[in-house]
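Have the viewer open as you read.

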Amino acid sequence: MTNIFALTPVILFLALLLGISAYIQRASKEERSKDFAKDYFIGGRTLGGFVLAMTTAATYSSVSTFVGGPGVAWNIGYGWLYMAMVQVVVIFLVLGVFGKKISMVARKIDAVTVIDVIRARYQSNLLANLSAIVIVAFFCSTMVAQFVGAAKLFEAVTGFSYVTGLSLFGLIVVFYTTIGGFKGVAVTDAACAIAMIVGICLLLGAMMEAGGGFFKISDYLAANRPDMMEPLSRGKMPISLYISQWLLVGVCTLSLPQSVVRGISYKDTKALHNAMIIGTVVIGIMTLLATTIGVLSRGILTEPLSAYGTYDNITPMTIVKTMSPFWAGVVIIGPIAATISTVSSLLLSSSSSIVKDVYMNIKAEKGESLTNDQIRWYSVGITVLLGLFVYTIAIKPPSVIWQINMFAFGGLETAFFCTLVFGLFWHKANKTGALFAMLGGVAAYCISMALKIRFMDLHQITIGFAASIILFFIGNALGERSDEKMLRIFFPEHYDED
C-alpha cells in the first residue's frame, strides 16, 4: 500500500540536491569556461575542510552501511559492530597517507585525476588505460549495488514500486551529477552526510521507544540470543573473519581511487587537517550508530530470517515497524543519501577515467587536442550514458547488496594498493612492477572469488592482496628504472640528498 506521507520528505530532499547542483553550475560558469576539466572533475582545488571531510565520508559510506551491514549485525550481534568499527580510521588513513603527497604532486604536474598521477609516475599509457578499465568496471558494480539497495528500501517503506524508487532518485542523481560536476557532488555530499546522521539518530530513538529502551532490548538479547553479546558470536564471527574485514574495509581502503582523488581537490593544508579530524568523527558516529541499530533491531524483529526474506530487508522492516509514515520517509533519506553520494562520486570518477584519462590522452598522442567546449560535451555525455547504463542494469536487481559492494571494494584495493602506495612513497618502483601487481592481483582476486577459494578461511582479498604484492616485487625486479626527471618531481627530498 503506497503512502504519500513517506514519499514527501524524499522528494523535498531530492529537490534540495537539484537546487544545490543548479546553483553550483551557475556559480562555476566562469571557471568552466576557462578550464572545464579541472573545475568539473576536481572542483578547481578549492574544497575547504568541512566539505572535504563530508564528501569523503559520504563517498565511503554507502547503502550497505545502512542496510546490508546492519542486516548482518541483526544476525551476528556485537561481533559485527567490533569488526565494523575499524572503518573509523578510513578517512584519517586516506587523507593522512596520501593527502599531502598527492596534492603536492598533482599541483606540480597539473593532474586532474588519480590516473593522471599514475600515468606521470610510471610513464605508462598501458598502465593508465588499464587503471581506467578497472575503475569503470568495479565502479559500475558498486553503483548497481547502491541503486538496488536504496530502491528496495524505498519500496519497503513507501509502498511505491521498486522501479518507481529507482527511477526517482536514480535519474535525479544522474542529472544533478551531470550539471553540478565535482563541486556540486562535494556540496551535495555534505548535505547527504548530514542527512545520514539525522536519519540514524531518528531511527535509533524510535527503536528505543518501541523496544522499551536500550537495557530492555539488551536483556532480551542476553536471554534469547546470548551469542549476539559475545565478540566471536559463538563461531559466527571467527578470528579469520575479523582479519579479513579489517583488511577489506580498514587498512586497504586507503587506496580506493574515489577517496584518494579527494586529496587532489582540497584548498590548503589547514583544510586537509580539519578534514581528517571531522571526517574521522563523522565516520565513527555513522558506523557506530548504524551497526548498533542492526544489533538492537533483533529485539524489535524477533522472528527467524525466513519471515523477512534476506538481511537486506531488516532495516526497512525495522523502520516500518517503529515509525509513522512521515518520519519513516525522513529516515530513509539517510540511506538514499548514502546511495546518492556514493553513486555521484563514482559516476564522476568513471566519466573522468573515460574522457580525461583515455580519450583525451589518445588525442594528445596523435598531436590533437579538444577544445574546452568539446571537453564539456564529452564529459557531460559520458556521465549521462554511464548513469543510464547503471540504472538499466539495476532494474533487474541482483541479491545481497553488501556482498556486491565488498566484491567491488576488494577489486579496487588489489588493483591500486601497490600501484599507489609504492608509486608515491618508493622511488625505485617501476611500471613493470605496477602492471604485474594490478593485472595479477585483480586476476587472483576475481578467480578466487569465482571459485570460492580461500586461504586459512580468510576472505579472498588476502589472496588478491598477497598476489599483488608478490607480483609487484617480481615485476619491479624485471623492469627498468622510472624516468629520473619525473622521479625528481615525486621525490624531491631523495634527490636533494644526492
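Phenylalanine 473 has 40% relative accessibility, so it counts as partly exposed; buried means under 20% relative accessible area, exposed over 50%, and partly exposed in between, with a 1.4 Å probe and protein chains only. This is a predicted model, where local features need pLDDT of at least 70, side-chain atom pairs count only at pLDDT 80 or more, and totals for chains, interfaces and linings use all residues. Residues are numbered from 1 along each chain as its sequence is written, and side-chain values use heavy atoms, leaving out hydrogens and water.

The structure holds 18 aromatic pairs. Rings of Phe, Tyr and Trp (its six-membered ring) pair if their centres lie within 6.5 Å; planes under 30 degrees apart count as stacked, over 60 as edge-to-face and the rest as tilted. With ring centres 6.0 Å apart and planes at 55 degrees, tryptophan 426 and phenylalanine 473 are therefore a tilted pair. Tryptophan 426 sits in the loop between helix 21 (401-425) and helix 22 (431-450), and phenylalanine 473 in helix 23 (residues 461-478), so the pair ties together parts 47 residues apart in sequence.

| Residue | Relative accessibility | Class |
|---|---|---|
| Tryptophan 426 | 26% | partly exposed |
| Phenylalanine 473 | 40% | partly exposed |

Now for the whole chain. The protein chain has 25 helices and zero strands, taken as DSSP runs (H or I, at least four residues; E, at least two) numbered from the N terminus. Of its 498 residues, 60% count as buried.
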